[in-house]
Amino acid sequence: MNSHGTLTKDNHAALWHGRFAEGPDAQAVAFETSIFVDERMALDDIQGSKAHAAMLGESGIIPESDASAIIAGLDSIEKDLKEGRLAIDYSAEDIHSFIEATLTDRIGEPGRKVHTGRSRNDQIALDERLYLRRVIPELQARILTLIETLYEISSRHLNDLMPGFTHMQHAQPVTLAHHLCAWAWMLVRDFDRLSDSLKRISLSPLGSGALAGSSLPLNRESVAKKLGFSGVTQNSLDSVSDRDYCIEFAADFALLQMHLSRFCEEVVLWASTEFSFIDLSEKWSTGSSIMPQKKNPDFAELIRGRTGKVYGNLIALLTMMKGLPLAYDRDMQEDKESLFDAYDTVLACVEVFTQMIATASWNCRRMSESCDGGYLNATDIAEYLVRKGMPFRTAHGVSARAVRISIEKNCQLQDLSIEDFKSCSDLIGLDIYSNISKEACVNARTVTGGPAAEKVEEQLKMLKNFVKKMRGI
């Protein structure tokens, strides 16, 4: 590196330039360069290179003094990158070339030995795993915060009734707490999927070389242990020729984003005048350039809209890999942009959704009033009759007749006279009214996972314990 802090021409040359009599066309270089995308793996590349250099020295492949010089040089690069004293040279082919060239510029000849027994193929596969292992916990932490937020809201609304829907039609009464817990359990599975995916990348591919390993006495297990992996990959071809782990994480992101999108769809509906279940904070709403009265749920809509990006990134990765022969093909360079963009998108969306829902207020009276329409207690009439010995299918028909009478009289089921009920079945007595109030309908559902307050409290306790366990509290 010269006095201006830029790489010298000799060290800046592509790692493979020795085979060629003339350099590539400038347009070709610009087309193949990936440093604008993979620069975020700089610290991961340094971490992997330090472990590799230490192993090279310990195995006697390079002198211990050279290994120490390499590690010290990489430490200085890491420190300077973190503290902003070293700017990345975007004319470099990729982040790996930049770091190796910078190292050689700083420590001289020993820097040329860092790539001993290594290919960029296994180096990149390692860096991606190190990167994912480093950043996925941040996404998981945000998921936990969102679960915690839903827990807090639910704890305040254990007895606040709202209609449950199927086919967007009134179905049965539940509570706001019960509904929000449904969201929370989806997020628990999203968290667990990420944890499962992390387990599958806990194997080091370094030492697999370009495709066939190395004739040098590399100690792959030593490198894996230094980097905190549980072991090493078992086939050198497989180690460098698949990106199923990128696809798996992209699928995890897509499922998480799908859940967020569904939540947002409900928020958009609930914020409408027709529903008026939720009032979003003005900090998380926008107005209209022409209609001064508008308060738009734009952030919920943006999260919903960005789901297409995350799905698209997953499809891009799947399509990129679908026809590739073993081993490495340059197509695979395109994995990182899709993976990183999907990660960035879901990370931001989880954070925004958390803030949006945490600052919202709930129109509990409106939600409760909405339970009074749509015959949400029809199933409870059938179950009332089942408790009196009537077969369910027969009871279903009796309840349907009661609904038909209510429609004809333009009233709700609870407003029917006892004579109306008796015309449907002699088994119905005056106790029917205490069994079909909206409160009774919810309180009677005490099966595990049901909306009765005590059962939702059980869910909330489990959710709270899950968050505490995952945070190591």
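Student: Where is histidine 167 found?

Tutor: Histidine 167 lies in the loop between strand 1 and strand 2, where strands are DSSP runs of E of at least two residues, helices are runs of H or I of at least four, and both are numbered from the N terminus. Histidine 167 has a positive phi of about 55° although it is not a glycine. The model is predicted, and local features need pLDDT of at least 70, side-chain atom pairs count only at pLDDT 80 or more, while totals for chains, interfaces and linings use all residues. Residues are numbered from 1 along each chain as its sequence is written, and side-chain values use heavy atoms, with hydrogens and water left out.

Student: Why are helix 7 and helix 8 called roughly antiparallel?

Tutor: The axes of helix 7 (residues 120-155) and helix 8 cross at roughly 165° and come within 9 Å. Axes are lines fitted to C-alpha atoms, for helices over the stretch in contact, and angles run from 0 to 180 degrees between N-to-C directions. Angles under 35 degrees count as roughly parallel, over 145 as roughly antiparallel, 65 to 115 as roughly perpendicular and the rest as oblique. Helix 7 and helix 8 are therefore roughly antiparallel.

Student: What makes helix 4 oblique to helix 6?

Tutor: Helix 4 (residues 42-58) and helix 6 (residues 95-107) pack at an angle of about 55°, with their axes 10 Å apart. That angle makes helix 4 oblique to helix 6.

Student: Which residues meet where helix 4 packs on helix 6?

Tutor: Ala42, Asp45 and Ile46 of helix 4 meet Ile95, His96 and Ile99 of helix 6, contact meaning heavy atoms within 4.5 Å. By class, this contact of helix 4 with helix 6 has four nonpolar residues, one polar and one charged. Ala, Val, Leu, Ile, Met, Phe, Trp, Tyr, Cys and Pro count as nonpolar, Asp, Glu, Lys and Arg as charged, and the others, Gly among them, as polar.

Student: What is the make-up of the lining of the largest pocket by class?

Tutor: The lining of the largest pocket has twelve nonpolar, six polar and four charged residues. Helix 11 gives the most to this lining, with six residues. Strand 1 (161-166), strand 2 (169-175), helix 8 (176-200) and helix 11 (244-270) each supply at least two residues of the lining.

Student: Where is alanine 327, and what is the peptide bond from leucine 326 to alanine 327?

Tutor: Alanine 327 has its place in the loop between helix 12 (298-321) and helix 13 (335-358). The peptide bond from leucine 326 to alanine 327 is cis, with omega near 5°.
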